[in-house]
Amino acid sequence: MVKYVRNNFLLPECTILDLDHFNETLWTLAEEDRDRMHYEKDILQAYLHAEHKDEWLMIPVKSFDCVRHETLTADKYGMVSVDQKQYSTSPRFAKQKVNVQITYNSVVILNDHNEVIVKHNRLYGIKRKSMIWQPYLDLLSRRPMAIKYSNLYEQFPPVWTKYLNRCTEHEQKESLQLLGKLLKNNDFELLNQALELAMKHGHPKADQIKHCFYSIIQGDSNYQTITPTMKVPKVPAATRGLSHYDSLMENGGGMK
């Protein structure tokens, strides 16, 4: 029957976007395929199927979960390795053991009480890392100055790394809290667009980024500043962040 199923259900080559939906489709086709004559017995296969049902064994009361369980130790960044792929846990589980539940399409990270920490889509192919940002953003928003000392700083999209590097501590805290609220499915695309739009008019605050974000969602990206009716005097460009203090120290200067 392998060749029959392959030739009738799997050829020509299928493009699969959702495996569960594809399996449901195959089940429907298999059910419909019973309504044909048996190639030898000259009787409907559906009738033969009904006869065989009387000989079936009882189905187990408890369903079988096709899942693999492992206990793994997270590295200093809270990442665990499953089949040479990296999956995030949470900063508070760095260098600690976690329980991992692995199925064909998911990797679920659990604590000692088997409570879900994070759930990942299982990685295949060349993609090597799955990052669930929320647990990290929650910690960083409480300790924003620690972000530049962690490798997470380099994992942010470049536009956000550049922006956060120019923020004050309070601005970093507000921006990280905003990311934690708006980041969905760990997709930075809309947030990147919002930040780039807000930065066209100088260094934005979190509220400005939020405004641009919802403007893009609603299809209104015409973010404009107010044009003053009087002449505004020029002021020197402000140096943001702490980089100017570093340059003073390198040149032998200091603060009195």
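A residue is called buried here when its relative accessible area is under 20%, exposed when that area is over 50%, and partly exposed in between. What we are looking at is a predicted model, and by that cut-off E171, with a relative accessible area of 9%, is buried.

E171 meets K205 side chain to side chain in a salt bridge, at 3.6 Å from N to O. The two come from distant parts of the chain, 34 residues apart, with E171 in helix α7 (residues 169-182) and K205 in the loop between α8 (189-198) and α9 (206-217). K205, at 47% relative accessibility, counts as partly exposed.

Another is formed by D33 and R36, with 3.1 Å from N to O; D33 is buried at 19%, while R36 is partly exposed at 25%.

In the salt bridge between E70 and R68, the closest N and O atoms are 2.8 Å apart, and here E70 is partly exposed at 26%, as is R68 at 32%. Through shared partners, salt bridges join R68, E70, D83 and R122 into one network.

T161 counts as buried because its relative accessibility is 18%, and its side chain reaches the backbone oxygen of F156 at 3.4 Å.

How values were computed: Residues numbered from 1 in each chain as written. Predicted model: local features only at pLDDT ≥ 70, side-chain atom pairs only at ≥ 80, totals over all residues. Heavy atoms only, no water. Buried < 20%, exposed > 50% of the residue type's maximum accessible area, 1.4 Å probe, protein only. Polar contact = N/O pair within 3.5 Å; in protein donor to acceptor, adjacent residues only side chain to side chain. Salt bridge = Lys/Arg side-chain N within 4 Å of Asp/Glu carboxyl O. Helix = DSSP H or I, 4+ residues; strand = E, 2+ residues; numbered from the N terminus.
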